[in-house]
Amino acid sequence: MNMIMKMFFVLTGCLALASVAPGAEENKPAPKKKAAPAHAAQGSQHAVAPTAHPTGHPAQHAQHAVVPAGHPAQHAQHAVVPAGHPAQHAQHAITPAANARLQTQHNVSTAPSRGASHGQSNAQRFQARHFNLATKPNPAIASARFRANNQIQGSRNWQGQHYQAFRAYRSQWHDRGWWGSHYNRIILIGGGYYYWDGGYWYPAWGYNPGYSYYPYDGPIYAYNDLPPDQVVANVQTALQEQGYYHGEVDGLLGPLTRAAIADYQRDHGLYITSAVDEPTLASLGMA
């Protein structure tokens, strides 16, 4: 009897525990969710903006826009604002048009300056000078020989009024009386007599047969109303300063001087007259 009663109480207790267990499971508090790592949230706040910003991209990414490739380093601190970005974030940016102007200014400021060197025109006006020159022929430079009606070779191809004197030149031999009756300015320079006509000096062949030394038979442009030897000396000096002439400043239009003139004329797109003409002197800053 006692055994039966014990088994009854055991069964009754098991049934009671079975009925209570589901309720206890339902009243058990839900487990807490695992918090996201702190550094993940920070990373989302400082997310890197895409390389190319489309129109309407969030404004916070326009503060540090990347300078397009090819822009000078000095302009990198002022990035160009892409189209569609809010204007309030453009306080440290420039527009594409302004950036182009800055680029142009940079190119101009860094362009190399051009000085008066070989192959370049003299940027400054040449100041005429007076030279103490010899008054007799130079044995090292031969005189031209007189040839009646001699023309300047190639002059027919030199177009323009500045070359008319060269195209029209013809060598003439006359005595003192004839020259004196036709021209009122006749001077003795370095062993030869020259007459002045229409802004040029010419050899006065025959004025005095004992003084017929002419290194060049042709017109010499009367620059600054100077006599022919002073004109040539100033041309020699101007060419010397630009690296073309390396001889003596003697006022004689000899072979070395004429070669230097020809080189200068060739480099500057002038007619190669190998003579003292007005366009060449203008290019040298002497006109």
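1. About 320 Å³ of space lies in the largest pocket. On a 1 Å grid over the protein atoms alone, a pocket is an open set of points with protein on both sides within 12 Å along at least five of seven lines. Volume here is the space filled by probe spheres set on the points, with points joined across faces, edges and corners.

2. This is a predicted model, with local features needing pLDDT of at least 70 and side-chain atom pairs pLDDT 80 or more, while totals for chains, interfaces and linings use all residues. Residues are numbered from 1 along each chain as its sequence is written, and side-chain values use heavy atoms, leaving out hydrogens and water.

3. The largest pocket has 19 lining residues (an atom within 4 Å of a point). Ala144, Pro215, Tyr216, Asp217 and Arg258 lie nearest its centre. The lining divides into 10 nonpolar, five polar and four charged residues. Ala, Val, Leu, Ile, Met, Phe, Trp, Tyr, Cys and Pro count as nonpolar; Asp, Glu, Lys and Arg as charged; the others, Gly among them, as polar.

4. The whole structure holds one cavity of 30 Å³ or more. A cavity is a set of points where a 1.4 Å probe fits but cannot get out. The volume of the largest cavity is about 130 Å³. Its lining has 16 residues, with Ile189, Tyr194, Asp229, Gly251 and Leu252 nearest the centre. By class, the cavity lining has 12 nonpolar, two polar and two charged residues. H6 contributes the most, with three residues.

5. Which helices do the buried residues of H7 pack against? They pack against H6 (228-241) and H8 (278-283), with contact meaning heavy atoms within 4.5 Å. The buried residues of H7 are Thr257, Ala260, Ile261, Ala262, Tyr264 and Gln265. Buried means under 20% relative accessible area, with a 1.4 Å probe and protein chains only.

6. The length of H7 checks out. Its 13 residues (255-267) should span 18 Å at 1.5 Å a residue, and the end C-alpha atoms are 18 Å apart, so the two agree. The expected span is 1.5 Å times one less than the number of residues. Just after H7, Gly269 takes a positive phi of about 70°.

7. Overall, the protein chain has eight helices and six strands. These are DSSP runs, numbered from the N terminus: helices are H or I, at least four residues, and strands E, at least two. Of the 287 residues, 36% are buried.

Key:
Buried means under 20% relative accessible area, exposed over 50%, partly exposed in between (1.4 Å probe, protein chains only).
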